[in-house]
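Colleague: I would like to learn how to read a sheet, a helix pair and a single residue. Can we take them in turn?

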Amino acid sequence: MPDGLHPVDIGLSGGRIAGIYARGTAPPARDRIDATGLTVLPGLVDIHFHVRAPAYPERGTVQSETRAAAAGGVTTIFEMPISKPCCSTPDEVARRLTHFAGNAVVNFGLYAAPGDLTEASRDAMKALGIVAWKIFTTPAPSGREDEFEGLAFPDEADQYRALELLAQTGLPLVVHAESAALLGLFGDRAANLDAASATTHTAARPAVCEAVAVAKLLAMNMRAQARLHIAHVTSAQTVSVLRGFAGTSDFTAETCPQYLFATEADVARAGIYAKVNPPIRSQGDQDALWQAIDDGIIDFVTTDHAPFSQAEKKAAEGNFLTAPPGVPGIEFILPAMLDAVAAGRLSLERAHDLVCANGARRFGIYPAKGAILPGSDADLVLVDLAQDTVISASALQTHAREVAHLYEGRRLRGKVMQTLVAGNTVFDRGSVTGAPGHGRHVRP
């Protein structure tokens, strides 16, 4: 609950929390869940998730990846607009809404890309109930132009136009921030390096590319005043930029488990299966991210769950420059954060805020999501803080389990036991029980 941990009984009715009672005083119920020895938390809200459906089913489907979310204690996911075609028009938003509604096991919100940067398109997409906007400051990857049409804005003037246009909607604008010009420079230099080395990937996308793009966005936002959110911060250099701009506009920032719980040494071990953009960096960068969390500079931890097929990853084995970027992380985030709690790095309350309540607040769905209060949605996760979770491909629900090399073999203190969405159990002690279509569309 918002004011901390309490030994209570929780009454659920009609998909919501009907009441919170002193232990043993709840009214009679048709069904009972014995949570003795467990901790009940609000289901996680993952504000950065990719499945790309209905395109590329070989990478994962709405069903497979929301089943994985249920297994990870995540009850609401916000799906990014990279799809084929890009989710940057009202027609594509409507198509994806219909597809997710029929297949999602957990709740979902949809991002949209601003597309042609016109008010008419913007207003039509907002009216459909999108949860936020997304842009990249990088060009579309070669061969994937249709997936990034209306999403990739490498030109600073277009970035400013997007900030200005979308500020008027009141919805957050999430940005993948890396400097296109610097990526070109360092990419050319890295072309002469050993493509099989993990250090070549960081050489091609050094921290300065991220820091410069973030600094420019924050400077522009001092004038545009959008509700800006910086995605997947990876570096000490970018943390310094965020500190320097503190208080200049309404901006927030996130990082991800791959940056908090892995370093370039783990990437070298796992190979291209651990390639993500921006790259996983040094221990010093990781330390700076944890310090930024301690200081409130970074207030969100998200998965950036991005499954690829084994065939796609394997085809690029030994080449960090051409390998597809992304790792599956939806089943890792909660056990990892609970492990950080067990290690004394975070309080349980702070961990909950980072992966749940802060996202719900920032994106306008709190306290329906992200809280255990009378009237809140009955989206809950029961965890055992004393049990261990061992990450292994055989135990994962994601379709991308065969490329989950980054976390393979990790032992984490804390285990997801049961997940409820709208009061119904969708995951129970190793088995997904939720049906496709059970999840509901979430809008601000």
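Modeller: We begin with the source, then go through the features.

Modeller: This is a predicted model: local features need pLDDT of at least 70, side-chain atom pairs count only at pLDDT 80 or more, and totals for chains, interfaces and linings use all residues. Residues are numbered from 1 along each chain as its sequence is written, and side-chain values use heavy atoms, leaving out hydrogens and water.

Colleague: In what order do the strands of the open sheet lie?

Modeller: Strands of a sheet pair through backbone hydrogen bonds, either parallel or antiparallel. Here five strands follow the order S3-S12-S13-S14-S15, with antiparallel pairing. Strands are DSSP runs of E, at least two residues, and helices are runs of H or I, at least four, numbered from the N terminus; two strands pair if DSSP finds at least two bridges between them. Strands S3 (39-42) and S15 (431-432) are the edges, each pairing on one side only.

Colleague: How many bridges join S13 to S14?

Modeller: Four bridges join S13 (residues 411-421) to S14 (residues 424-428). Leu420 stands opposite Thr425 in S14.

Colleague: Where is His305 found?

Modeller: His305 lies in the loop between strand S11 (300-301) and helix H12 (310-315). His305 counts as buried because its relative accessibility is 0% (buried: under 20% relative accessible area, exposed: over 50%, partly exposed: in between; 1.4 Å probe, protein chains only).

Colleague: Which residues does His305 touch?

Modeller: Not counting residues up to four places away in sequence, His305 touches several residues, including His48, Phe49 and Glu65 (contact: heavy atoms within 4.5 Å).
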